[in-house]
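Have the structure open while you go through them.

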Amino acid sequence: FLDHGYFNHSCCAQVQRDFPQPSTLRLRALQKIEPGQEIDDSYSFPLVPLHVRRLGHEALGFQCACERCTAEGQLPRTMHVWSELSWGTVMRLLASVARTRSQSGGKTQGLTDDPTLRQVVDQLRGLLGQTEKRLEASAEGRALELCLASWAPCMAALGDLQGLLREPEAYDTME
């Protein structure tokens with residue numbers, strides 16, 4: 001792992017890391033890397049809004065100025081406030097889903113009628129729709145794409161919940 005310490009950080013990492021064995025770090029290129037080109041990895045989970053990433057960066061003793069942090073940093077202050085409040089709401093909503101799923105003992109039967117899950121889906125859909133509209137009004141092109149990436153886990157969770165509520169038996173067979 002010592003060699004990995006020579007990689008610089010970027011929230012738009014060029015590599016994906018995994019650990020195929022306990023003492024082995026493997027990096028896979030996510031895009032073409034030219035000879036002599038600097039290789040960046042993300043020191044933290046990059047698919048979260050800027051305010052969350054900054055907390056991690058500060059804990060590691062640096063400030064990130066990558067393309068993505070720069071794009072999100074240039075958003076209007078109102079978008080930053082919206083992002084922080086919305087992210088907190090999303091975390092509370094997903095925690096309620098985790099509690100509901102835990103109480104079901106891992107079984108998905110009966111969850112299709114659970115009012116909590118239906119409310120969460122409606123709230124997430126509304127929140128993500130508003131976030132997308134606000135971002136589209138504040139950024140465009142590549143900057144918009146970079147800013148939307150922060151909300152990818154929330155979009156994935158919404159898709160998962162929508163699928164669960166439509167076809168619960170399909171989830172029971174997954175391992």
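1. A word on element names before anything else: helices (H or I, at least four residues) and strands (E, at least two) are DSSP runs, numbered from the N terminus. By that scheme, G159 sits in helix α6. This is a predicted model, where local features need pLDDT of at least 70, side-chain atom pairs count only at pLDDT 80 or more, and totals for chains, interfaces and linings use all residues. Residue numbers start from 1 along each chain as its sequence is written, and side-chain values use heavy atoms, with hydrogens and water left out.

2. G159 counts as partly exposed at 36% relative accessibility. For the cut-offs, buried is under 20% relative accessible area, exposed is over 50%, and partly exposed is in between (1.4 Å probe, protein chains only).

3. Now the charged pairs. Searching the whole structure turns up eight salt bridges, each defined as a side-chain nitrogen of Lys or Arg within 4 Å of a carboxyl oxygen of Asp or Glu. One of them joins D41 and R17, with the closest N and O atoms 2.9 Å apart. That pair links distant parts of the chain, D41 being in strand β4 (residues 40-41) and R17 in strand β2 (residues 15-21), 24 residues apart. D41 is buried at 2% relative accessibility, whereas R17 is partly exposed at 33%.

4. E67 and R142 form another salt bridge, and here the closest N and O atoms are 3.1 Å apart. E67 belongs to helix α2 (residues 67-73) and R142 to helix α5 (residues 141-148), so distant parts of the chain, 75 residues apart, are linked. Both partners are partly exposed: E67 has a relative accessible area of 42% and R142 has 41%.

5. Since R101 lies in helix α3 (residues 77-103) and D160 in helix α6 (residues 152-166), the pair ties together parts 59 residues apart in sequence. R101 is partly exposed at 27%, and D160 is partly exposed at 26%. There is also a network of salt bridges that links R53, R68 and E72.

6. On to the pockets. The grid is 1 Å over the protein atoms alone; a pocket is an open set of points where a 1.4 Å probe fits, with protein on both sides within 12 Å along at least five of seven lines, and lining residues have an atom within 4 Å of a point. The largest pocket holds about 350 Å³ of space, where volume is the space filled by probe spheres set on the points, joined across faces, edges and corners. It is lined by 17 residues, and C11, A13, L30, P46 and L47 are the closest to its centre. Helix α5 supplies the largest share of that lining, three residues.

7. The second largest pocket has a volume of about 150 Å³. Among its 14 lining residues, L50, H51, E72, H80 and S83 are the closest to the centre. Two or more lining residues come from each of α1 (50-59) and α3, and α3 gives the most, with five.
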